[in-house]
Amino acid sequence: MAYIGNTPAENYASFETETFTVSATTNYTLSHAVANENEIRLVINGVVQQPGSGKAYTASGTTLTLSSATASGDSMYAVYLGRALQTVNPPAASVGNSQTAPTIITGQTAETSIATDDTILIHDTSASALRKMTRANFVSGIGGTNTPAFFASISSDQSISNNSTTLVALATKVLDTDSAFNNTASNYKFTVPEAGNYQINFGIRNSNFTAARIDVQVKKNGNEIVNAENASGGNYDTAYGGAILNLSVGDYLQMYVYQTSGSSQNIFSARNSCFMSGYKLIGV
């Protein structure tokens, strides 16, 4: 006859057995505590013994007491009837919240570091299912670091010729995470090591001169791509700007300045007033 429903796990259970070293005594110690003698089946010399007071044996806690002493040559073992060694796995989808302990995860050993190939559980809402993914994929999907990143400024006041576009000598590297900024003479360039969208910021401050116009340019591969202009050109005036640029590996950025004061003038080096900086945006 077919069985309707889940097959009872007890059909697949085995029970723990304890074999004793026998001597001429009536008293033995069980490895596992029991409520009474009915929780074990005792077998001596192949014969099942009857449990109970006035019969073959009694048991309470870990104390096993025989009604008659065994002999040193006897064999004796006990089967723990209430102690299953093995059961089948529960049927799929049969375990709910009420069947699990609240400490199933809480209180377990916390990880202090995670390898890139370790897996993380996530819930797929469209499939309504738990899935796993590696830490490396998880991090790349939700975040990361804003690198490559750089910040460079001029190390001393720099002379800018009148009506001339001059490369700004960004000789001081404040930050250069990927060693991608070349601060040597005639270079002063950031060469893109990793493709993506970059936030680029730049600016200058003039050193106590009046100009009809101050223009700051950022050039990509030698061509102007973004600029900032100050048309009033008062004493210590500034021109600052920023942009998001899509850059490919090998592209390079340089910063130039143009002024129309009528003569050569300096731009200001103190407090990183003349600078170019940038960093790669995450997930954009």
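Visitor: Is F275 buried or exposed, and what is the relative accessible area of F275?

Guide: Happy to start there, with the reminder that this model is predicted. F275 has a relative accessible area of 14% and is therefore buried, since buried means under 20%.

Visitor: Which ring forms an aromatic pair with F275?

Guide: F151 does, and the pair is stacked, with 5.2 Å from centre to centre and 5° between the planes. F275 belongs to strand β21 (residues 275–280) and F151 to strand β9, so their pair ties together parts 124 residues apart in sequence. F151, at 21% relative accessibility, counts as partly exposed.

Visitor: How many aromatic pairs does the structure hold?

Guide: There are 7 aromatic pairs. One of them joins F150 and F190: the ring centres are 4.3 Å apart and the planes at 20°, so this pair is stacked. Because F150 lies in strand β9 and F190 in strand β14 (residues 189–191), the pair links parts that are 40 residues apart in sequence. Both F150 and F190 are buried.

Visitor: Which residues form one aromatic cluster with F150?

Guide: The cluster consists of F150, F181, F190 and Y198.

Visitor: How should I read the nonpolar core?

Guide: The general idea is that in soluble globular proteins, nonpolar side chains tend to be buried together. Here, the largest nonpolar core has 34 residues, and L170 and M276 have the most contacts inside it. Strands that each supply at least two residues of this core include β9 (149–153), β15 (196–205) and β18 (238–247). Apart from it lies another core of 16 residues, among them V34, I44, L66 and M76.

Visitor: What does M276 touch?

Guide: Leaving aside residues up to four places away in sequence, the contacts of M276 include F150, F151, L170, F181, I200 and V218.

Visitor: What is the strand order in the open sheet of 5 strands?

Guide: The order is β12-β9-β21-β15-β18, with antiparallel pairing. β12 (172–176) and β18 are the edge strands; each has a single partner strand, so one side of each lacks a neighbour in the sheet. On average, neighbouring strands of this sheet are turned by 10° against each other, direction ignored. Between β15 and β18, which run antiparallel, there are 10 bridges, and N201 stands opposite G242 in β18.

Visitor: Where does the charged end of K189 sit?

Guide: The charged end of K189 sits over the ring of Y252, 4.0 Å from its centre. For K219, the charged end sits over the ring of Y256, 4.3 Å from its centre.

Terms used: Residues are numbered from 1 along each chain as its sequence is written. This is a predicted model: local features need pLDDT of at least 70, side-chain atom pairs count only at pLDDT 80 or more; totals for chains, interfaces and linings use all residues. Side-chain values use heavy atoms; hydrogens and water are left out. A nonpolar core is a set of buried Ala, Val, Leu, Ile, Met, Phe, Trp, Tyr and Cys residues joined through side-chain atoms within 4.5 Å. Buried means under 20% relative accessible area, exposed over 50%, partly exposed in between (1.4 Å probe, protein chains only). Helices (H or I, at least four residues) and strands (E, at least two) are DSSP runs, numbered from the N terminus. Contact means heavy atoms within 4.5 Å. Two strands pair if DSSP finds at least two bridges between them. Axes are lines fitted to C-alpha atoms, for helices over the stretch in contact, and angles run from 0 to 180 degrees between N-to-C directions. Rings of Phe, Tyr and Trp (its six-membered ring) pair if their centres lie within 6.5 Å; planes under 30 degrees apart count as stacked, over 60 as edge-to-face and the rest as tilted. A charge sits over a ring if NZ of Lys or CZ of Arg is within 6 Å of the ring centre and within 35 degrees of the ring normal.
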